[in-house]
Amino acid sequence: MTAYISDDTRKVTTHRLVEMKQRGEKISMLTSYDYTMAQIVDGAGMDVILVGDSASNVMAGNVTTLPITLDQMIYHAKSVVRGVRRAMVVVDMPFGSYQGNELEGLASAIRIMKESHADALKLEGGEEIISTVKRIISAGIPVMGHLGLMPQSINKYGTYTVRAKDEAEAEKLLNDARLLEEAGCFALVLEKIPAKLASRVSQELSIPVIGIGAGSGVDGQVLVIQDMLGMNNGFRPRFLRRYADLHTVMTDAISRYISDVKNLDFPNEKEQY
Ligand code: KIV
């Protein structure tokens with residue numbers, strides 16, 4: 001196994017991500033929601049850490065990302081920022097915190113930035129939210145776009161299947177991507193769309209395009225950390241590569257602890273005062 005080792009300890013900035021795209025270096029991005037995990041992910045050399053609203057699913061056990069609140073996202077973001085030195089920390093704006101109008105979106109964005117000390121925000125949507133995106137960027141806050149499968153709109157789609165397979169939706173996605181770049185977004189996430197379309201978006205835009213279930217022709221990849229570490233046994237979409245089986249490792253360790261406690265093996269003489 002070859003590990004990717006970087007001795008570059010400089011903070012990752014929006015500018016550096018664009019440089020990475022220009023020189024063809026792929027961008028690595030993973031989610032984190034707490035201090036301990038963020039320390040490990042940052043220490044391993046991750047470029048971008050996303051405090052995703054997927055916290056609603058993997059941390060809180062909700063079926064969708066919709067219930068998570070602004071306060072809860074700020075709590076997760078603060079915890080992550082305390083554990084990170086080098087990676088750029090991007091925070092998802094939760095459902096309901098920016099769709100109303102530009103000023104409401106700006107107020108939510110400012111709260112996240114002021115209280116969490118994160119580096120940037122991510123919003124789902126294209127043309128429909130473009131004035132809010134511009135307003136947030138005009139306040140000096142870097143924005144990452146998110147198109148394709150947008151989990152905050154799951155009740156509109158009714159399914160988590162691949163998006164933009166037909167021509168009309170693909171055209172809309174291309175148009176939205178161009179609008180987000182023109183509005184000043186520093187990067188774009190494309191979720192669960194055909195690889196060919198994602199690759200075309202990446203070629204057309206000069207900002208980095210980061211994919212999840214969007215093939216290899218983009219400028220970087222993002223996954224939910226619990227999924228790629230194999231903590232979440234039931235979730236196995238085609239795009240997911242599991243780099244560990246932590247579900248088994250953790251269940252085994254916890255079972256051994258239970259046995260040791262029950263059998264009076266823990267603590268032993270050396271493990272007490
Ligand atoms: O919330 C999240 O984890 C995300 C990624 C799947 C891109 O938005």
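I looked up the ligand first: the space it takes is the second largest pocket. A pocket here is an open set of points on a 1 Å grid over the protein atoms alone, with protein on both sides within 12 Å along at least five of seven lines. I count a molecule as sitting in a pocket if more than half of its atoms lie within 2 Å of the pocket's grid points.

I note that this is a predicted model, where local features need pLDDT of at least 70 and side-chain atom pairs count only at pLDDT 80 or more, while totals for chains, interfaces and linings use all residues. Residues are numbered from 1 along each chain as its sequence is written, and side-chain values use heavy atoms, with hydrogens and water left out.

**Ligand shell**

Which residues are around the ligand? I listed Thr31, Leu50, Gly52, Asp53, Ser54, Asp92, Lys122, His146, Glu191, Ile212 and Val224. The cut-off is a heavy atom within 4 Å of the molecule. I sorted this shell into three nonpolar, four polar and four charged residues. In this scheme Asp, Glu, Lys and Arg are charged, and Gly goes with the polar group.

Next I checked polar contacts (pairs of N or O atoms within 3.5 Å). Ser54 puts a polar side-chain atom 2.5 Å from an oxygen atom of the ligand. For Lys122 I read 2.8 Å from a polar side-chain atom to a ligand oxygen. For Asp53 the corresponding distance is 3.0 Å. I then took the burial: the ligand alone exposes 260 Å², and the protein buries 95% of that. The areas come from the Shrake-Rupley method with a 1.4 Å probe.

**Backbone**

I found a cis peptide bond from Phe266 to Pro267, with omega near -5°. Pro267 is in the segment after helix H11 (246-262). Helices are DSSP runs of at least four residues, and strands of at least two.

Leu264 also lies in the segment after H11. Its phi is positive, about 60°, although Leu264 is not a glycine. Is Leu264 buried or exposed? It counts as exposed because its relative accessibility is 74%, and the cut-off for exposed is over 50%.

Lys192 is not a glycine either, yet I read a positive phi of about 50°. I placed Lys192 in the loop between strand E6 (187-191) and helix H9 (195-204).

**Strand E6**

I also looked at Leu188, which is in strand E6. Leu188 is buried, at 1% relative accessible area; the limit for buried is under 20%. Leu188 and Val218 are 30 residues apart along the chain, and I read 10 Å between their C-alpha atoms.

Key
Polar contact = N/O pair within 3.5 Å; in protein donor to acceptor, adjacent residues only side chain to side chain. 1 Å grid on protein atoms, 1.4 Å probe; cavity = no way out; pocket = protein on both sides within 12 Å on 5 of 7 lines; lining within 4 Å. Buried < 20%, exposed > 50% of the residue type's maximum accessible area, 1.4 Å probe, protein only.
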